[in-house]
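Subject: Structure handover

Hello,

Here is the structure for you to look through. Please open it next to this email and follow along. My notes come after it.

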Amino acid sequence: MDNRKKLVQYILAYKWQFILGSILGGVVTCGDLLTPFLAGKFLNAVKLDNWNMIKMIALAFVIVQLPKGVANYGQSYLIASATNRIATDIRNRIYAHLHSMTLSFFERNKVGHLMSRMTNDVGLIQNGSGAITDVINAPLTVIGGIARMFMINWVLAGIFILFVPGMGVLISRITRKMRKLTINLQLKLADVIAVLEETIVGIRVVKSFGMEKNEIQRFFEQNLASLKAALKSARRSALVTPITEFFGTIVVVAIMLLGGYLVTSHQIPYGSIVEFGGIAFYVASSAKKIGRLNVTYHQTMAGIDRIFEVLDEEPDIADSPDAVDLGEITGHVAFKNVSFSYQTGEQVLKNISFTMEPGKAVAVVGPSGAGKSTVANLVPRFYEVSGGAVLVDDHDIRCVTLESLRKHIGIVPQETILFSGTIRDNIAYGRPDATDEEVEQAARAANAHMFVSQFEDGYKTVIGERGARLSGGERQRIAIARAILKDPRILILDEATSSLDATSERLVQEALDKLMVGRTTLVIAHRLSTIKQADLIIVLGDGRIVEQGSFDELMQHEGAFARLYHTQFDLKKEEVVASSEGHLEKTQN
């Protein structure tokens, strides 16, 4: 469907506001055209020294302006209300649509570019109330004004409209490239937002590497590119006004000469030429607005094109038409000959098969890039398998609804994501209806209650964006409490302790041990020493299972796992020795 038709569907939801706005626009137009009519009558009355007529015309001015003012206010509010509501509806739909998209979509699109769709592009619609008012009023003024001009003098009216077609053709040619220029400008603005978002999120990294000047320069370059695009668009847009005014000046001069002759030769009254000139002014102004509308139209449609570019994209993963509710589960998970490839064609997993028994812990280990995190992402169906199947309680997860699948899964990631609300809000994120007692119990089980109670506001403490007021270990324990409160049957721990210090790791590991009891747990392990109690360890290499067994069995086998473990142990030993030597050197100094 054409994007214009899609926009019309949003407009039709508020059709009565536009219809009433159009009726009020007619009242405004009548008021505008009556003003020069009364001015002409007033001048004729003055010339005839008719005081009574002068008083009646003065009263008529007031009578005309009152309904015009009320209609003007009503129209402006109704149109602004409708356009803002349309923008809100579109923004809501974009936001909801983004939540339906899969992870691969967000990997392909920069956050800043998506934010630009929600702000800059929707803003073009939101700011269109003035243009829509002109769409209603300007044509009415032009049609009504020209009709009245012909009633006054058809020769003068003929001269006036002689220039209109030529002016329209010229303006159309000037504004033809506006949509392309606006799309380019919106893209440049999106790049600016993308840089801003990246540097603010990564400000710690920027400062730790002393890259402030480089990032400032990068922002300046993107901002300069957006400025150049804006100026190029502005140059094209700015041509409309002087061209229309130049044509208007030619028309005015022609009317002045001919009109002056007709008045001085007593062919038309003095007041009529004044009325004609006033109407010509209103019509010319409206014609100029119509010319500007062509610019606004292309700018708005550029934003619409970018908006529907996102809305028209279908999610890679969605419920099948015959998907069923998973219902209650025991937590049995099986990978049956699973293969997975990214859209680039890179194959990450190759014919993987293993089983996770209910209540048991399975750890997946291997070198970087072996496919460990991909295995974790396939269970909640963040990605679709390229071959084989993932089963939960013997149900192919492609045949059940995503909502019913994911409600049984809890994830504690390596990089904890917290929201800028309170500690309570973050713990109860998966269960907003949880009681305060349930939230506290979850926090206690996650070894989080002690540090939470040290805050003056306790669980009502606002933690800042991304949990900025908390340490890494504290954030991780909040995430564990969140998972405990959700009470999932299947638990995924994606390197949940890999970035913590020894003290935090001990507290987090204790919380994880409590969380894992009675749940089917998939552990993506970085520190191999943390998975000694796992019921099964899967060793990945080059996307394949190269070994599997218990910790003791794999160590006795002295294969890939044992080599990984010894390498990690030796590195840890070297770090401890280096740390001890450094401490001794400081002590001696």
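First, a definition. Buried means under 20% relative accessible area, exposed means over 50%, and partly exposed is in between (1.4 Å probe, protein chains only). The model is predicted, so local features need pLDDT of at least 70, side-chain atom pairs count only at pLDDT 80 or more, and totals for chains, interfaces and linings use all residues. Residues are numbered from 1 along each chain as its sequence is written, and side-chain values use heavy atoms, with hydrogens and water left out.

Salt bridges

A salt bridge here is a side-chain nitrogen of Lys or Arg within 4 Å of a carboxyl oxygen of Asp or Glu. Side chains of opposite charge can pair when their charged atoms come close. The whole structure holds 15 salt bridges.

Start with R398. Its salt-bridge partner is D396, with the closest N and O atoms 2.9 Å apart. R398 has 28% relative accessibility, so it counts as partly exposed. D396 is buried, at 18% relative accessible area.

Next, D2 and R4. Their side chains meet in a salt bridge (3.0 Å, N to O). D2 is partly exposed at 34%. R4 is partly exposed too, at 46%.

Helices are DSSP runs of H or I with at least four residues, strands are runs of E with at least two, and both are numbered from the N terminus. The closest N and O atoms of D32 and K68 are 2.6 Å apart. Both D32 and K68 are buried.

Nonpolar cores

A nonpolar core is a set of buried Ala, Val, Leu, Ile, Met, Phe, Trp, Tyr and Cys residues joined through side-chain atoms within 4.5 Å. In soluble globular proteins, nonpolar side chains tend to be buried together. The largest core has 47 residues. I427, I478, I480, I531, I537 and F561 have the most contacts inside it. Helix α19 (residues 472–486) gives the most to this core: 7 residues. Another core lies apart from it, with 33 residues, including V364, L378, I492 and L522.

Look at I427 up close. Contact means heavy atoms within 4.5 Å. Leaving out residues up to four places away in sequence, I427 touches several residues, among them V439, Y459, I478 and L485.

Strand β9

How many residues of strand β9 (residues 536–541) are buried? The count is 6 of the 6, so β9 is largely enclosed by the rest of the structure. In a regular strand the side chains alternate between the two faces of the sheet. Both faces of β9 are covered. L536, I538 and L540 are buried on one side, and I537, V539 and G541 on the other.

Two strands pair if DSSP finds at least two bridges between them. Strand β3 (residues 361–365) runs parallel to β9, with 4 bridges. A363 has I537 as its bridge partner in β9. Strand β10 (residues 544–549) runs antiparallel to β9, with 5 bridges. There, I538 stands opposite Q548. The hairpin of β9 and β10 has 2 residues between the strands, and D542 takes a positive phi near 55 degrees.

Best wishes
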